[in-house]
Amino acid sequence: MRRIIVFILLVLLVVPAVAFAEDYLIGKGDILEVSVWGVPEMSRSVTVRPDGKITLPAVGDVLADRKTPEELSRQLSARMKEYVKQPIVTVSVQQIINNRIYITGSQVSRVVDMVKETTLLKLLSEMGDLSGTDLHKAYLLRNKKKISTDFFALYYKGDISQDIELQAEDIIFLPSNQLNVVYVLGAVKTPKTLQFYDGMRIMDAILEAGGFTEYAKEDSVFVIDAEKKKKKLDLKQLIRGKDMESNILLRPGDYVIVDESLF
């Protein structure tokens, strides 16, 4: 029983700290509902102006930007004592406008209202399938400056050191991976476009395209890179386990072409 009581006390000590850490901060453009108990004349819905202030009857202008609703409630209570005896003020956020994160790119375009503190990894996890996105080239803009972090390592390798706390007005650019492909053509069973990945080798691509056809010339395989440089490879020796070095690494935009012969 004593252990249970200690546990409950620990929970009560920890939970308020967490809640405080995630308290919402009012921002410009937010719509607030200010309620003064028993004084409807001073209660109303207000919008936080671009200068961060709101205007209330009698009280006048009050700075609301970057304050929690609880902090603003206390401040308004203090200001209203001059006009109302023991005012009880409650501030609630009716609509969040300022805490927005912008996600853009050729595959996605959306605006996310950040109602609590969150991180890049949590946001990416909520976005679902990212297979059409080139996370190698993704980046985050904050105050017009790129924030250095490796989206690919964070999302696919679980490198938590790359995770960062997001802030309002952050812009996340997620480019399409349509340019991040390899083309496999010629005497393979299923010529196709493959999604490139780190460490992809020429045999990986050929096998993923179904492998050689019966008419394929394994000793006459070409790789043409994005700069149109052509390289001929003899993969027959590789298949026999004699020339592993010919199993070269591919790069995005490479064309793999397997020659064909009827004889």
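This is a predicted model: local features need pLDDT of at least 70, side-chain atom pairs count only at pLDDT 80 or more; totals for chains, interfaces and linings use all residues.
Colleague: Why does K144 count as exposed?

Modeller: The relative accessibility of K144 is 82%, and a residue is called exposed when that value is over 50%, so K144 counts as exposed.

Colleague: What is the phi of K144, and what makes it worth a remark?

Modeller: Phi of K144 is near 70°, which is a positive value in a residue other than glycine. Most residues other than glycine have a negative phi. K228 also has a positive value, with a phi near 65°, and K228 lies in the loop between β13 (216–224) and β14 (230–233).

Colleague: How do you know whether K228 is buried or exposed?

Modeller: K228 has a relative accessibility of 73%, and the cut-off for exposed is over 50%, so K228 counts as exposed.

Colleague: Why is S246 called buried?

Modeller: S246 has 6% relative accessibility, and buried means under 20%, so S246 counts as buried. S246 lies in the loop between α6 (235–239) and β15 (255–260), and, leaving aside residues up to four places away in sequence, S246 touches I202, L233, D234, L235 and L238.

Colleague: Which residues does T133 touch, and why is T133 called buried?

Modeller: If residues up to four places away in sequence are not counted, T133 touches L174, P175 and N177. The relative accessibility of T133 is 8%, and buried means under 20%, so T133 counts as buried. The place of T133 is in the loop between α3 and β8 (139–142).

Colleague: How far apart are P50 and T133?

Modeller: P50 and T133 are 83 residues apart in sequence and 35 Å apart in space, taken from C-alpha to C-alpha. P50 is found in the loop between β2 (44–47) and β3 (53–56), and because P50 has 73% relative accessibility, P50 counts as exposed.

Colleague: What makes the pair D170 and R142 a salt bridge?

Modeller: The side chains of D170 and R142 meet at 2.7 Å, N to O, and the rule asks for a side-chain nitrogen of Lys or Arg within 4 Å of a carboxyl oxygen of Asp or Glu, so the pair is a salt bridge. This pair links distant parts of the chain, with D170 in the loop between α4 (151–157) and β10 (171–173) and R142 in strand β8, 28 residues apart. D170 is buried, with a relative accessible area of 1%, and R142 is buried as well, with 15%.

Colleague: What do D113 and R100 tie together?

Modeller: D113 forms a salt bridge with R100, the closest N and O atoms being 3.0 Å apart. D113 lies in strand β7 and R100 in strand β6 (residues 100–104), so the pair ties together parts that are 13 residues apart in sequence. D113 counts as partly exposed at 37% relative accessibility, and R100 is partly exposed with a relative accessible area of 26%.

Colleague: How many salt bridges are there by this rule?

Modeller: The count comes to 7 salt bridges.

How values were computed:
Residues are numbered from 1 along each chain as its sequence is written. Side-chain values use heavy atoms; hydrogens and water are left out. Helices (H or I, at least four residues) and strands (E, at least two) are DSSP runs, numbered from the N terminus. Buried means under 20% relative accessible area, exposed over 50%, partly exposed in between (1.4 Å probe, protein chains only). Contact means heavy atoms within 4.5 Å.
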